[in-house]
Amino acid sequence: MLAGRKILLGLTGGIAAYKGAELCRLLVRKEAQVKVVMTQNARAFITPLTLQTLSGFKVYTETFEADSYQVGHVSLARWAEALVVAPATANVIGKMANGIADDLLTTLFLARGQIPVLLAPAMNDEMYREEIVRDNLKALRLRGIRMVDPNSGQLACGTFGVGRMAEPGEILAALAALLKEGRDLAGLKVLVTAGPTREALDPVRYFSNRSSGKMGFALARAARDRGAEVCLVSGPTALEAPGGISFLGVETAAQMMEAVLREAPGMDIIIKAAAVADYRPLKPAEDKIKKDSSSLTVTLARNPDILAALGRQKPAGQVLVGFAAETRDLLENAAKKLAAKNLDLIAANDVSRGDIGFDRDENALTLLYPGGEREEVPLLSKEAAAHRLLDAIAKIKNRP
Ligand code: PMT
């Protein structure tokens, strides 16, 4: 997996920089091509000469250094297939999370384009627990940046706690997995739905639900990063439309149905993460409803089931994936939906739990297959959970 791959290795200023050198050695032993970028602080711990000797390439330290007459950060970013920063200090994590580019490494991070990034945080345990650092790590995760979490143990400052950089072997394995994910969906068209729908009660009010769109957006970004051509159909959310994706914003279940059924025939994979309203007010009021009576009765009409319609018209070879958001009898209900809607896979989501599901940054899923097999996706960021689900979908797609 690593032989011949072009890896940019960033070293920042922490005692774990010596492990960064070991990581360089392991990568070279696996026949990867490694170009090293060192911050000024990293050079206080270990010399560029060490890394040059280990990598066999010149070590980069300055933003405005010419490289074969090309601007350094742009040409290096274009050369690389992945960027690994080990160790990644709280300082560099903070800069990356906030778009600050005041040295070669952070500038390269901004100029990275579509290449995957893996960070191996390393710092004192107090710093690692600090809310600002947690927020920065979360912001990066939400942007698809992968982490190899630090281990607990004795830290350079003499205390025990979480903050020791992961071992070079662990980082190597995480990088190999990341590259393997690589572009396994290249050439495939993927349709993802996300968010809630809104069903008008009158011109200013609507029925809706708590879906934030985070799960569906994470799936769309992950599929894009794995090389797919992605179309994201989303109900109203506070999220920014991801770059490199064809985005169709809708409001009602009827509009989502129309957009999805129009796009569906050309799709290789369809993933329905949207929380579509099952009912809509039968006759939305033309004017704002006045509060002139003590109660209000609204008649609701059933909305069409988009996923069931897709299941009925599924072309050969298309992989159709649904979610089941349940507050009780999770697996039984999910299994029923899997069969009734003619799905290839359903992700059962226990939304009775407060820590996952609707409007949370993390999720945990049970994947159910038509043959009765099950697979657990443990509590993970929605980004990581999205990749696990795509791993399962890619396996179905690759079945002979
Ligand atoms: O958006 P987030 O805040 O990140 O939250 C994520 C999530 C909880 C919304 C997501 O993980 C999830 O579980 N999505 C499915 C929500 C849902 O509506 O589940 P359901 O069990 O009611 O529907 C089953 C499946 O049928 C779903 O794939 C749904 O998209 C689809 N459906 C449902 C009703 C309908 N009229 N048309 C549909 O296509």
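How many residues surround the ligand, and which are the closest? I counted 28 residues around the ligand, the closest being Ser211, Ser212, Lys337, Asn349 and Asp359; a residue is near a molecule if one of its heavy atoms lies within 4 Å of it.

Basis of the entries. I worked from a predicted model, in which local features need pLDDT of at least 70 and side-chain atom pairs count only at pLDDT 80 or more, while totals for chains, interfaces and linings use all residues. Residues are numbered from 1 along each chain as its sequence is written, and side-chain values use heavy atoms, with hydrogens and water left out.

Ligand shell. I sorted the shell by class and found twelve nonpolar, seven polar and nine charged residues. Here Ala, Val, Leu, Ile, Met, Phe, Trp, Tyr, Cys and Pro count as nonpolar, Asp, Glu, Lys and Arg as charged, and the others, Gly among them, as polar. I then looked up the elements, which are DSSP runs numbered from the N terminus (helices H or I, at least four residues; strands E, at least two). At least two shell residues each come from helix H9 (214-225), helix H11 (306-312) and strand E18 (319-326). E18 gives the most, with five residues.

Ligand atoms. I noted a polar side-chain atom of Asn349 at 2.6 Å from an oxygen atom of the ligand. A polar backbone atom of Ala325 is 3.1 Å from a ligand oxygen, and a backbone N or O atom of Ile306 lies 3.1 Å from a ligand nitrogen. The ligand taken alone exposes 770 Å², of which the protein buries 96%; accessible areas come from the Shrake-Rupley method with a 1.4 Å probe.

Domains. I recorded domain 1 (6-181) and domain 2 (189-397), with bounds from an automatic or database domain assignment. Their C-alpha centres lie 36 Å apart. Seven residues from domain 1 and nine from domain 2 take part in the contact, meaning heavy atoms within 4.5 Å. About 700 Å² is buried between the domains, with 47% from carbon and sulfur atoms; buried area is the accessible area (1.4 Å probe) that two parts lose on being put together, summed over both. Gln114, Leu142 and Glu181 supply 57% of the area that domain 1 buries against domain 2, more than any other three residues.

Asp102. I placed Asp102 in the loop between helix H4 (90-97) and helix H5 (104-110). Leaving aside neighbours within four places in sequence, Asp102 is in contact with Lys95 and Thr107.

Conventions:
Polar contact = N/O pair within 3.5 Å; in protein donor to acceptor, adjacent residues only side chain to side chain.
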